[in-house]
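Please keep the structure below open while reading.

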Amino acid sequence: MQRVTILGSTGSIGISTLDVLQRHPDKYRVYALAANKSVDGLFEQCQQFKPAVAVMLCPESAAQLEEKLRNAGLAIKVQSGMQALEMISSTEETDVVVAAIVGAAGLLPTLAAAKAGKRILLANKEALVMSGALLMSEVQANNAVLLPVDSEHNAIWQCMPVGDTQQYHYENKGIRRIILTASGGPFRDWNIADLEDVTPEQAVAHPNWSMGQKISVDSATMMNKGLEVIEAHWLFGMSSDKIEVVLHRQSIIHSMVDYVDGSVLAQMGNPDMRTPIANTLAWPERIDSGVEALDLVKAGRLDFAAADFERFPCLALAYQALKAGGTSTAILNAANEVAVEAFLNRQIKFTDIARIIAEVLEIIPSTAADSLEQILSADEMARKVAHQQMQVLCNH
């Protein structure tokens, strides 16, 4: 019986994970659930799955949850704050940690899980984007197992040579390149000039996937794919010039690996996150995920196109930050988080997101990213400068 902690249980990945877990009560038990502010969502999950511990990042929300659980007669321990997230990620009471908190808040508990040698199902992009070298070092030093839940990285991992998951380096394994597929989001066919007028409602209406607001905007700008390029670099030890992005609007091929002998291996399936979740939960075995079988005849056709850096400048900025190295990717991520939030709050235009990120990368010099302190310092500085740049745009 595997004991599972889910960080971000009320988000789309957390909900999909719980759906898979409930199909296999003989194999998995929920130890802890964690959320930010969604009191009602976490309360309902506690009623159904009865974890030993429930954590809310927001203390006020934790107090509300504790009262609701007490009134419902549920003896579930409620905690709050970042230290509590780190505790449930590293305790001996859990075997598997699903890292699905969106944004920089997921970094510290993911590092805690790595230091404790846990099996980590990674759905939080920022942990690798901000501190790839540091996280991978902790994973390998403490014999943790890091498995990618992102559909693209999970696809690549399934197409990689069979071997030791602890190696994380495939540079000399006969691989020519990694091919990340991208749907292109809701604006893949728009005139570039019209992107200035995009509304938050349009940006979060993804054509293929059901996701949270922030990640949906990232998909629309293709920053999501840029962050995945950075992730792929750390997960598979591949240089940026061996990581390519292609548009594939059907989202049936989730990514591919191109080998030097001319073979290209692709992982295919319906666009449903329960597939990579089930794959990483059960690896090296396979379990039912509840996902409908892929009907290739019904799918009909598979289309591919080049990723246009003019249409998607955020993707180009991600490659730029990866090549610069050091704290550049942490700066990129922080500036993007600030800009996306401002866009969702209607403070800036959709196209201003890339403008703000580019300015922040230009203003803040990259430094070494050898310690958590350096990374968090760069993150804080980037957020400050991003807010300043946002004010500059708003004043014009």
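C314 is buried, at a relative accessible area of 2%; buried means under 20% relative accessible area, exposed over 50% and partly exposed in between, with a 1.4 Å probe and protein chains only. The model is predicted: local features need pLDDT of at least 70, side-chain atom pairs count only at pLDDT 80 or more, and totals for chains, interfaces and linings use all residues. Residues are numbered from 1 along each chain as its sequence is written, and side-chain values use heavy atoms, with hydrogens and water left out.

**Cysteines**
- The structure has zero disulfides, a disulfide being a pair of cysteine sulfur atoms within 2.5 Å.
- For C58, the closest cysteine sulfur is that of C46, 15 Å away and too far for a bond.
- C58 is also buried, with 13% relative accessibility.

**Nonpolar core**
- A nonpolar core is a set of buried Ala, Val, Leu, Ile, Met, Phe, Trp, Tyr and Cys residues joined through side-chain atoms within 4.5 Å.
- The largest one has 129 residues, of which F236, L332 and I353 touch the most other members.
- α14 supplies the largest share of this core, 10 residues.
- The core lies between domain 1 (2-148) and domain 2 (175-269 + 303-395), because both give residues to it; the bounds come from an automatic or database domain assignment.

**T327**
- T327 sits in the loop between α13 (313-324) and α14 (328-344); helices are DSSP runs (H or I, at least four residues), numbered from the N terminus.
- T327 is buried, at 1% relative accessibility.
- Beyond neighbours within four places in sequence, T327 contacts (heavy atoms within 4.5 Å) P365, S366, T367, A368, A369, Q374 and A378.

Methods. Helix = DSSP H or I, 4+ residues; strand = E, 2+ residues; numbered from the N terminus.
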